[in-house]
Amino acid sequence: MSDLNEVIVSGRLTRDCELRHTPTGTAVTDVIIASNRIWSKDSDRQEETTFVDVTIWGKQAESLHEYLLKGRHIMVVGRLKLNKWETEEGDKRSKLTMVAEKINLTPGGRSNSGTQSPSKPEKVTTEAAEEVPF
């Protein structure tokens, strides 16, 4: 039986994305999604925001980067990946990130200011078409 590693996150982008390319020419961009959870406890409204780092690879990164603007509401389906590295001082670090597989720019995804460029589509969905070895 195969393990399952699938995550769905929706929320607003915390900043505009910046498209870059690997040395081999593969497009990649990173975004941060702020996802809010609101609930009531003893008649008091509670709120918690979780920030999720998401990496978008290949054709998805190229085709969506102009739409991935601060405040835009998106939904991402992807998988979790643990990145590990060592600092120059020899300290070991790790960070859990999400690798996007499907991205949905939600309809009416307005920024906090309530503005949206009329030239932007109301709904765009993409799916990863290639697997990028890491």
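Trainee: Which residues does valine 54 touch, not counting residues up to four places away in sequence?

Mentor: First, keep in mind that this is a predicted model. Valine 54 touches Thr29, Asp30, Val31, Ile33, Val76, Met98 and Ala100, with residues up to four places away in sequence left out.

Trainee: And the largest nonpolar core, how many residues has it?

Mentor: It has 20 residues. Val54, Ile56, Leu68 and Val76 are those with the most contacts inside it.

Trainee: Which elements each supply at least two residues of this core?

Mentor: Strands S1 and S3, strand S4 (44-57), helix H1 (58-64), S5 and strand S6 (92-105) each do. In general, nonpolar side chains tend to be buried together in soluble globular proteins.

Trainee: Which of them gives the most to this core?

Mentor: S6, with 4 residues.

Trainee: Let's do strand pairing. What joins S1 to S5?

Mentor: 6 bridges. S1 covers residues 7-13, S5 covers residues 73-86, and the two run antiparallel.

Trainee: Which residue in S5 is the bridge partner of valine 9?

Mentor: Valine 76. That valine is also among the core residues with the most contacts.

Trainee: How many bridges join S1 to S3?

Mentor: 2 bridges, with the strands antiparallel. S3 spans residues 27-41. On this side, arginine 12 stands opposite alanine 34 in S3.

Trainee: And S5 with S6, parallel or antiparallel?

Mentor: Antiparallel, joined by 13 bridges. One example is lysine 84, whose bridge partner in S6 is serine 94.

Trainee: How many residues lie between S5 and S6 in their hairpin?

Mentor: 5 residues. Glycine 90 is in the turn, with a positive phi of about 90°.

Trainee: Which residues have a positive phi although they are not glycine?

Mentor: Aspartate 42 is one of them, with a phi of about 50°. Serine 43 is another, with a phi of about 65°.

Trainee: Where is aspartate 42?

Mentor: In the loop between S3 and S4. Serine 43 has its place in the loop between S3 and S4 too.

Trainee: Is aspartate 42 buried or exposed?

Mentor: Exposed, because its relative accessible area is 68% and the cut-off for exposed is over 50%. Serine 43 counts as exposed as well, at 76% relative accessibility.

Trainee: New topic, charges. How many salt bridges does a search of the whole structure find?

Mentor: 5 salt bridges. Take arginine 20 with aspartate 30 as one of them. Their closest N and O atoms are 2.9 Å apart.

Trainee: Why does that pair tie together separate parts?

Mentor: Because arginine 20 lies in strand S2 (residues 20-21) and aspartate 30 in strand S3, parts that are 10 residues apart in sequence.

Trainee: Which residue forms a salt bridge with glutamate 48?

Mentor: Arginine 37, with the closest N and O atoms 3.9 Å apart. This pair links distant parts of the chain: glutamate 48 is in strand S4, arginine 37 in strand S3, 11 residues apart.

Trainee: What is the relative accessible area of glutamate 48?

Mentor: 38%, so glutamate 48 is partly exposed. Arginine 37 counts as partly exposed at 45%.

Trainee: What else does arginine 37 do, say with tryptophan 39?

Mentor: Arginine 37 lies over the face of tryptophan 39, at 4.0 Å from the ring centre.

Trainee: How many aromatic pairs does a search of the whole structure find?

Mentor: 0 aromatic pairs.

Trainee: One more salt bridge. What does arginine 79 pair with?

Mentor: Glutamate 101, with the closest N and O atoms 3.5 Å apart. Arginine 79 is in strand S5 and glutamate 101 in strand S6, 22 residues apart, and the pair links distant parts of the chain.

Trainee: How accessible are arginine 79 and glutamate 101?

Mentor: Arginine 79 is partly exposed, with a relative accessible area of 24%. Glutamate 101 counts as partly exposed at 27%.

Conventions. Residues are numbered from 1 along each chain as its sequence is written. This is a predicted model: local features need pLDDT of at least 70, side-chain atom pairs count only at pLDDT 80 or more; totals for chains, interfaces and linings use all residues. Side-chain values use heavy atoms; hydrogens and water are left out. Rings of Phe, Tyr and Trp (its six-membered ring) pair if their centres lie within 6.5 Å; planes under 30 degrees apart count as stacked, over 60 as edge-to-face and the rest as tilted. A charge sits over a ring if NZ of Lys or CZ of Arg is within 6 Å of the ring centre and within 35 degrees of the ring normal. Two strands pair if DSSP finds at least two bridges between them. A nonpolar core is a set of buried Ala, Val, Leu, Ile, Met, Phe, Trp, Tyr and Cys residues joined through side-chain atoms within 4.5 Å. Buried means under 20% relative accessible area, exposed over 50%, partly exposed in between (1.4 Å probe, protein chains only). Contact means heavy atoms within 4.5 Å. A salt bridge is a side-chain nitrogen of Lys or Arg within 4 Å of a carboxyl oxygen of Asp or Glu.
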